[in-house]
Amino acid sequence: MKKPLSSSDRIAQYLFIAPMVAFLLFMVAYPIFYILRIGFYEYSLSISRDMDWVGLENYSYALTDKSFWMAGWRTLVFAFWAVLIETFLGVALALFIGNRDFLGRNVVKTGFLMPLVATPVAVALTWKLLYDNNFGIINHLLRKIGLSYPAVSSVDTVLSAYIIIDIWQWTPFVMLMVIAGLSTLPAECYEAAMIDGASRFQILRRVTLPLLSPTIMMTLALRIVDALKVFDVIYAITGGGPGTSAETINIFLYKEAFTNFRFGRASAYIIIFCLLIMVVVFGFSWLQKRVEVDY
Amino acid sequence: MKARSTMESIFRGAVYRIVLLAVLFIFIFPFIYMVLGAFKNTVDIVNPEKLFSFKPTMRNFISLFERYRFAGPLKNSLIISGSATLLSLIVGLPASYSIACYRIRSLQSISLLVRVIPTIAFLVPVYLMFSKLGMVGTYRGIILTHMLIGVPFTVWVMIPYFQNIPKELRESALIDGASQYKVFGEIMIPLSVPAIMTVSVLTFINSWNNFMFGMILGNARTRVLPTLIFNFLSHAEINYAGLMAGASLVTLPVIIISICLQKYVVQGLTAGAVKG
């Protein structure tokens, strides 16, 4: 039996959540209400400061705006390859390092941590130099064997160059998540498998990976959502260029709002983008419930 | 027979090390490259032959402070990240505790939803709101936006942590006549120091690294470091050596934090890896 809350308890409970509620109202609820509203207006700082009601025009414009959907498609391609490869590499690395105890384990872990915590803009500038056609070390080495990789300076390779940076940045994240997951796996399952004479590969396939699947799903969900929102590195290196060849959806939206100052249309597009992200999130939490394993 | 298997295990150990170090090298090479570049002259940095062989100079760092006024944005970044971290805790900790005790599901879902909503969805309305309120270019404006990352993260880490603290602890203290505030301040907070460390470290790093909010909401007086080094690029010629010096200095604090407080950084990054 839960005892009913006394009135002083109730006051305490309200006081504890009051700052949070105030913050959410001012910084979340009101902005969301505001962006939903301006999505129905023509609100463009470059024309006039007035807001003109246009109903669903911004939304219907979005449906036929090819550059918006191209940006969306580009983002999907980017997120698909980046997340696929970093998941694969990250899981492999985690299994390779595992819970093995060796001298310098902490040094190794710190090394892998660096791409994750380093300031993305600083990382971006470093990669800009690494990739540079004339001064960069990558092309210098490639030239020696008669190859070249125009990276971010060519329309054909720019997306792959950004995928490579993303893999470098985020593979360690997958690795750390999976290592954290590994450390919680029950020892009994392994003992049972060993007694049954399972080979190492069988243990990996039939015991480790299935037990890790909730962790991997969680990691995938976080990575997909963040990859769809990619911005800093691309914006800092080429601003989505050359041309619009690396303009992901976040960069497209940012330019629509803060370069073209078309806030009304940008708002409608942003809402569509948010809805797409929500679909991904809910889709994943639905999937996650299906793969839940009991142990 | 026995000798052979020890030989084999030593060999395997060595191969394992070499592979590991090779992979590690790929991940830290850009940092080595960045720091080397920071100490190079303009003539050396444009010559990839001179990756390691060059005469180091401090010139880039000096001009960073003298010509590019690095000190101002450095101070701004420290003030903004420090305040955003502290305020996220002040807002997030009591709320997480209350949510954990009384299972306020709605509040929990809202704060987690904020985590997945893209920054741009806040940036546009918040920019328009702040313009009207005269908050563009102020510290408090930028701090509030950085709390949009800090507060949901605090809740994300702290709710499961508070839920795992045995209920009896709280109940017996209440029966002994302690007030709710005393239970929170004198029992729950001291018990949560490791989790609070995790939250603080990650919130600070996220705020320090944040690019988009500062770029739009900052002005010449409140410019933060990521915006400053990004602005280096818009100068006519790219001064790569200067850029590398700037990039190194911006990254240095977070690298130091993650070396000294590695355990907390890892815990923060992998929060949610395992349910419960």
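Me: Which residues lie nearest the centre of the largest cavity, and how many line it?
Reply: In this predicted model, 45 residues line the largest cavity, and Trp170(A), Asp226(A), Arg115(B), Ile149(B) and Asn206(B) lie nearest its centre. Residues are numbered from 1 along each chain as written, with chains lettered from A; local features need pLDDT of at least 70, and side-chain values leave out hydrogens and water.

Me: What makes it a cavity and not a pocket?
Reply: A cavity is a set of points on a 1 Å grid over the protein atoms alone where a 1.4 Å probe fits but cannot get out, whereas a pocket is an open set with protein on both sides within 12 Å along at least five of seven lines; lining residues have an atom within 4 Å of a point. The largest cavity has a volume of about 1,200 Å³.

Me: Which helix gives the largest share of that lining?
Reply: Helix H7 (residues 158-182) of chain A does, with six residues of the largest cavity's lining. The lining divides into 32 nonpolar, seven polar and six charged residues.

Me: What about the second largest cavity, how much space does it hold?
Reply: About 80 Å³. Its lining includes Leu129(A), Phe135(A) and Tyr33(B).

Me: Why is Leu84(A) called partly exposed?
Reply: Buried means under 20% relative accessible area and exposed over 50%, with partly exposed in between (1.4 Å probe, protein chains only). Leu84(A) has 44%, so it counts as partly exposed. Leu84(A) sits in helix H3 (residues 66-97) of chain A.

Technical notes: Helix = DSSP H or I, 4+ residues; strand = E, 2+ residues; numbered from the N terminus. Points joined across faces, edges and corners; volume = space filled by probe spheres on them. Nonpolar A, V, L, I, M, F, W, Y, C, P; charged D, E, K, R; others polar.
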